[in-house]
Amino acid sequence: MTLTRRKLLMYGAALGLAGCSTSAPIGTQRGTTRDPSLQPHPNSAYDNWVASFRSRAQSRGISTTTLDAAFRGQGFLPGVVERDRNQTEFKRSLEDYLAIVAPEEKVTFGRRAISAHSARLAQVEARYGVDADVLGGVWGLESYFGTRRGDIPVISSTSTLAWEGRRGAFFESNLMDALRILQAGDATPEQLVGSWAGASGHTQLMPNAFQRYAVDFDGNGRRDVWSDDPTDAFATTARYLSENGWRQGQLWGLEVVLPEGFSARIGRGTRRSVSEWQSLGVRPARGGSLPDYGAAAVLAPMGVDAPAFLVFRNFDVILRYNPSDNYGLGVGYMASRLAGGGPLVGRFGRDRYGLDLDDRKALQRGLTRAGFDAGTPDGVLGKKTEAAIRAYQQSRGMTVTGSPSRALLDAVA
């Protein structure tokens, strides 16, 4: 979905790639969005800003014809401002995040999608040295393997966020590059749609990143990351990762098991040699010995008793695409699953309500069977599940809390 998130934020550091890797599943189903907050709303201050911006754009070589075509039908989108402050990979636990972005059915779908494009992915990997499965991981998280690329006009989203001002310079720069994309003929205004943050295409590229890294890999004369053929998007993402330091033939990381009583400092700010981690009792979750790709960090986002990971240099390169640890682990986990690996060995355990992931899925299914739509049974207790619980509790004369419990699960099972 970048750079996105808290460090879309990092402005030029990652040039902004993934723009909407936030919702379940990632991206927005292609077609016309029905969310009223993502339709143009009257806003005179925004209109005045656009008028001023047009003059700046013309002074930088954007033609009147391009500007007229680009802004036709565009406008202020209040929903993108709201989403800018509520981003999944920074607000969800790792357990919930992986349940959203990498459920089993998505892994199965992704393996078929990767197989269908295996020849092109192999060619891209041969040229840029980035593993096909990692490219598949990015593709899966960013657009559900190309099936959900977003439908929000990039001109509207970037101009809204540029006007709003919290990261005004960053989004104005991306708006300017979006206009250059249109003027160069790489895309039409109708094609240039994507996420709430202005990223678009199979791997959700921000306009800045497209301008710097886009590749016409299939040789058809256009750098096209928007059509049903994802080849140019694969190559562009591979080039991005390669030029940001990807080390060919090395892992991003792997799941590990920490010994009982483990108390050493962890996190990306603490790096040790693999031999040091081994001496502290860190072991691969699936047996064998730890691979050695230089200094590494241990991540355990939900505590040392939950799934933990040893991450190397290539993990940091993934974070150049999106600076959330959850995102990086999501891409890495999806990549390992696409390569044939199994689910996590470690368990996240029970939540504060005494329920584990399977319990929460069962609760959602039970509520829906009882006539109270709890949404997709993914085990993530969001607003829809809370509303279903409240409605069920009210219908049964129970105290209305909106909170799950073992007793509630037993009642609807």
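A residue is called buried under 20% relative accessible area, exposed over 50% and partly exposed in between, with a 1.4 Å probe and protein chains only. Helices (H or I, at least four residues) and strands (E, at least two) are DSSP runs, numbered from the N terminus. The model is predicted, and local features need pLDDT of at least 70, side-chain atom pairs count only at pLDDT 80 or more, and totals for chains, interfaces and linings use all residues. Residues are numbered from 1 along each chain as its sequence is written, and side-chain values use heavy atoms, with hydrogens and water left out.

Helix α14, residues 313-321, is mostly covered, with seven of its nine residues buried. The buried residues of α14 are Asn 314, Phe 315, Asp 316, Val 317, Ile 318, Leu 319 and Tyr 321. Their cover, in terms of contact (heavy atoms within 4.5 Å), includes the helices α8 (132-143), α12 (231-243) and α15 (325-338) together with the strands β5 and β6.

Strands β5 and β6 belong to an open sheet of four strands, in the order β4-β3-β6-β5, with antiparallel pairing. The edges are held by β4 (283-284) and β5 (297-299); each has a single partner strand, so one side of each is left without a neighbour in the sheet. Two strands are taken to pair if DSSP finds at least two bridges between them. In general, strands of a sheet pair through backbone hydrogen bonds, either parallel or antiparallel. Strand β3, residues 253-257, pairs with β4 in the antiparallel sense over two bridges, while four bridges join β3 to β6, also antiparallel. Val 256 has Pro 284 as its bridge partner in β4 and Ala 308 as its bridge partner in β6. Three bridges join β5 to β6, which run antiparallel, and Leu 299 stands opposite Phe 309 in β6. Both faces of β6 (residues 308-311) are covered, with Ala 308 and Leu 310 buried on one side and Phe 309 and Val 311 buried on the other.

The axes of helix α2 (residues 64-71) and helix α10 (residues 168-184) come within 10 Å and cross at roughly 110 degrees. Axes are lines fitted to C-alpha atoms, for helices over the stretch in contact, and angles run from 0 to 180 degrees between N-to-C directions. Angles under 35 degrees count as roughly parallel, over 145 as roughly antiparallel, 65 to 115 as roughly perpendicular and the rest as oblique. The helices α2 and α10 are therefore roughly perpendicular to each other. On the α2 side the contact is made by Thr 66, Leu 67, Ala 70 and Phe 71, which meet Leu 175, Leu 179, Leu 182 and Gln 183 in α10. By class, six residues of this contact are nonpolar, two are polar and none is charged. For these classes, Ala, Val, Leu, Ile, Met, Phe, Trp, Tyr, Cys and Pro count as nonpolar, Asp, Glu, Lys and Arg as charged, and the others, Gly among them, as polar.

A nonpolar core is a set of buried Ala, Val, Leu, Ile, Met, Phe, Trp, Tyr and Cys residues joined through side-chain atoms within 4.5 Å. The largest such core has 91 residues, and those with the most contacts inside it are Phe 71, Leu 179 and Leu 241. Helix α10 gives the largest share of this core, eight residues. Leaving aside neighbours within four places in sequence, Phe 71 is in contact with Tyr 46, Val 50, Phe 53, Arg 54, Ile 155, Ser 159, Leu 175 and Leu 179. Apart from this core lies another, of 14 residues, among them Trp 277, Val 282, Ala 296 and Val 298.

Thr 270 lies in the loop between β3 and α13 (274-279) and counts as buried at 13% relative accessibility. Not counting residues up to four places away in sequence, Thr 270 touches Arg 265, Trp 277, Ala 296 and Ala 297.

Two further loop residues have a positive phi. Most residues other than glycine have a negative phi. Phi of Tyr 144 is near 50 degrees; Tyr 144 is placed in the loop between α8 and β1 (152-153) and is buried at 13% relative accessibility. Phi of Gln 204 is also near 50 degrees. Gln 204 sits in the loop between β2 (193-194) and α11 (207-213) and is buried, with a relative accessible area of 0%.
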